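Me: Hi! I am new to protein models and would like to learn how to read one. Could you walk me through it?

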Amino acid sequence: MKKHIKNGLVWQDNRFVPLDLVVDGERIAYVGAPTEPEGDAEVLDTAGSYLLPGVIDCHAHVTMVGGDHHMAVFFAENECELALEGVVNCEKMVRHGITTARDCGGKYRETMALRDFIRRGAISGPRLLCSGTPLKVVGGHEPGLDVTGPVEARRAARQLIHDGADFIKVMITGGLGKVGEDPGAVEMELDEVAAIVSEAHRHGKKVACHCHSRAGMELLLDAGADSIEHATYLDPEVNARIIGQGVFVVPTFTPYEIAAASEIGCGILPDAILNSRAIIGEKRRCLKQAYEQGVQIAFGRDSGGFFMDQGEFADEMLYMQAAGMPAAAVIRSATETAAKCLGVWRDVGSLEVGKYADILFLSENPLENLVAFRNSLEKVCFGGKML
């Protein structure tokens with residue numbers, strides 16, 4: 001049965017417009033001026049509600065459970081336990097309004113199993129794009145498959161693609177996972193990353209790169225990667241290259257903001273707290289500069305990190321806004337830009353005819369306060385079904 005959604009304020013071109021929507025099965029069949037419902041259509045009167053596309057999270061870890069030692073828990077649990085964690089997390093995500101997510105690294109196949117069960121309708125969750133697990137150097141930022149040299153790197157990329165990965169994730173620099181780790185240290189060689197990118201692109205797959213430093217960003221740009229995850233030390237010259245090559249930046253503020261605001265002794269590694277405090281101001285400044293210069297910024301939380309709730313995403317939006325992005329730009333980053341970053345713009349990211357009917361209904365205008373995504377979410381429509 002069709003659903004005729006009337007009297008709502010619909011997100012179109014960075015503003016809300018009074019329009020009707022008709023949903024036929026999983027997809028949107030009509031967006032336009034108010035019209036009379038067909039005789040057998042279910043009519044939903046959404047007067048006073050703001051209707052937006054489902055949120056797209058470009059950097060999730062759906063099998064991680066945020067805590068003070070989330071990585072230690074992740075490594076201690078086996079793939080069966082992680083898959084069960086993922087079932088809980090995925091349901092929480094979609095009920096909070098995240099309808100599409102790119103998983104940037106599990107242990108390996110457990111995230112792909114979750115993806116496939118969601119697609120079959122066996123469990124509830126967002127549409128997932130999965131990397132399986134990242135590629136990294138021996139002793140490098142975790143987790144991932146270890147590679148040394150371009151031959152091993154290409155072979156590992158081929159194996160991931162063979163096993164069903166939707167994209168490839170590569171660890172270019174260090175991070176905040178271990179004692180003594182330097183987030184800016186470049187760990188991959190250019191020929192290794194170039195081999196991975198070459199193989200991924202041969203199969204129509206994108207490459208997302210964990211990277212904090214300028215040197216790392218220059219390397220991945222030389223290799224032809226598609227997105228930069230975290231991207232802490234952006235600058236005007238690097239931004240110009242990013243824009244010229246059509247690369248997307250996924251800033252992921254939340255874990256760094258949480259760690260930077262935490263006190264030594266809370267359970268988070270002191271190194272992670274101190275490193276976050278050292279970079280967070282620069283991260284905010286560089287994001288604002290990149291946005292103003294025209295870099296394509298896509299929304300992503302790095303979910304599963306320090307003390308994070310897998311369903312909560314408004315905090316990331318508020319951090320982006322505080323760094324200098326207007327509310328409309330933040331919303332666009334989590335819908336249109338995110339869909340283009342993931343290569344799924346044909347199906348999601350806007351409320352248009354032919355796209356999946358992933359619709360959020362808010363009782364307050366998020367342009368006035370982005371916290372409306374958390375406090376004023378009335379209901380979620382996912383693929384034409386009301387949750």
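Reply: Happy to! Let's begin with a term we will need: two strands count as a pair if DSSP finds at least two bridges between them. Please keep in mind that this is a predicted model.

Me: Thanks! In which sense do β5 and β16 pair?

Reply: They pair in the antiparallel sense, over 4 bridges. One of the residues to look for is P53, whose bridge partner in β16 is I359.

Me: And in which sense does β5 pair with strand β1?

Reply: Strand β1, residues 3-12, pairs with strand β5, residues 50-53, in the parallel sense, and 2 bridges join them. To find the place, look for V10, which stands opposite L51 in β5.

Me: What is the strand order in the open sheet of 3 strands?

Reply: A general idea first: in a regular strand, side chains alternate between the two faces of the sheet. Here the order is β6-β7-β8, with parallel pairing. Both β6 (55-60) and β8 are edge strands, each pairing on one side only. From one strand to the next, the twist averages 15°.

Me: How many bridges join β7 to β8?

Reply: Strand β7, residues 98-103, runs parallel to β8 and is joined to it by 4 bridges.

Me: Which strands does helix α2 touch?

Reply: Helix α2, residues 79-96, packs on this sheet and touches β6, β7 and β8. The direction of α2 makes about 135° with that of β7.

Me: Now for charges. How many salt bridges does a search of the whole structure find?

Reply: The general idea is that side chains of opposite charge can pair when their charged atoms come close. The search finds 27 salt bridges in the whole structure. Among them is the one between the side chains of D347 and R27, at 3.0 Å from N to O. This pair links distant parts of the chain, 320 residues apart: D347 sits in the loop between α12 (336-342) and β16 (359-362), and R27 in strand β3, residues 27-32.

Me: Last one: how much space lies in the largest pocket?

Reply: About 620 Å³. It is lined by 22 residues, and E26, I118, R119, R127 and F382 are the closest to its centre. The elements giving two or more residues to the lining are α3 (110-120) and β8 (127-130). By type, the lining divides into 10 nonpolar, 6 polar and 6 charged residues.

Methods. Residues are numbered from 1 along each chain as its sequence is written. This is a predicted model: local features need pLDDT of at least 70, side-chain atom pairs count only at pLDDT 80 or more; totals for chains, interfaces and linings use all residues. Side-chain values use heavy atoms; hydrogens and water are left out. On a 1 Å grid over the protein atoms alone, a cavity is a set of points where a 1.4 Å probe fits but cannot get out, and a pocket is an open set with protein on both sides within 12 Å along at least five of seven lines; lining residues have an atom within 4 Å of a point. Grid points are joined across faces, edges and corners, and a volume is the space filled by probe spheres set on the points. Ala, Val, Leu, Ile, Met, Phe, Trp, Tyr, Cys and Pro count as nonpolar, Asp, Glu, Lys and Arg as charged, and the others, Gly among them, as polar. Axes are lines fitted to C-alpha atoms, for helices over the stretch in contact, and angles run from 0 to 180 degrees between N-to-C directions. Contact means heavy atoms within 4.5 Å. A salt bridge is a side-chain nitrogen of Lys or Arg within 4 Å of a carboxyl oxygen of Asp or Glu.
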